Amino acid sequence: MKDITAVQLCETQNFVCKLLDRSYGAVWTTTSPPRGPLLIRMLFSDDDEETWLIPVNNILEDWKPGNTYDSGVQVNL
């Protein structure tokens, strides 16, 4: 079964990325998020392979901590 084993937040203008910490379950956190519009990179892993996925929906520049944003990704396990 595939699992999301890493998540990165990346600034869309210069592609500087920050690796997030898994808090619990599907919750990922950071104490120092990047600025501006962001994109997410998710690493899906299983026993045989690892695949980075970059969703089509970016997080807008005026994002707020604690809000929920739709990546447009549907994960079928």
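**Exercise 1. Find how many disulfides a search of the whole structure turns up, and work out which cysteines are joined.**

Step 1. Keep in mind that you are looking at a predicted model. Searching the whole structure gives 1 disulfide.

Step 2. The partners are Cys10 and Cys17, with an S to S distance of 2.1 Å. That pair passes because the two sulfur atoms must lie within 2.5 Å.

Step 3. Now check the handedness: the angle about the S-S bond is 105 degrees, and the link of Cys10 and Cys17 is right-handed.

**Exercise 2. Decide whether Cys10 is buried or exposed, then do likewise for Cys17.**

Step 1. The cut-off for buried is under 20% relative accessible area. Cys10 has 0% relative accessibility, so Cys10 is buried.

Step 2. Cys17 has a relative accessible area of 31%, so Cys17 counts as partly exposed.

**Exercise 3. Describe the surroundings of Gln8.**

**Exercise 4. Name the residues of the largest nonpolar core.**

Step 1. Its 9 residues are Val7, Leu9, Leu20, Trp28, Leu38, Ile40, Met42, Phe44 and Ile59.

Step 2. E1 and strand E5 (38-45) each give two or more residues to this core, and E5 gives the most, with 4 residues.

Step 3. Take Leu9 as one member: beyond four places in sequence, its contacts include Leu20, Leu38, Ile40 and Ile59.

Notes
Residues numbered from 1 in each chain as written. Predicted model: local features only at pLDDT ≥ 70, side-chain atom pairs only at ≥ 80, totals over all residues. Heavy atoms only, no water. Contact = heavy atoms within 4.5 Å. Buried < 20%, exposed > 50% of the residue type's maximum accessible area, 1.4 Å probe, protein only. Core = buried A, V, L, I, M, F, W, Y, C linked by side-chain atoms within 4.5 Å.
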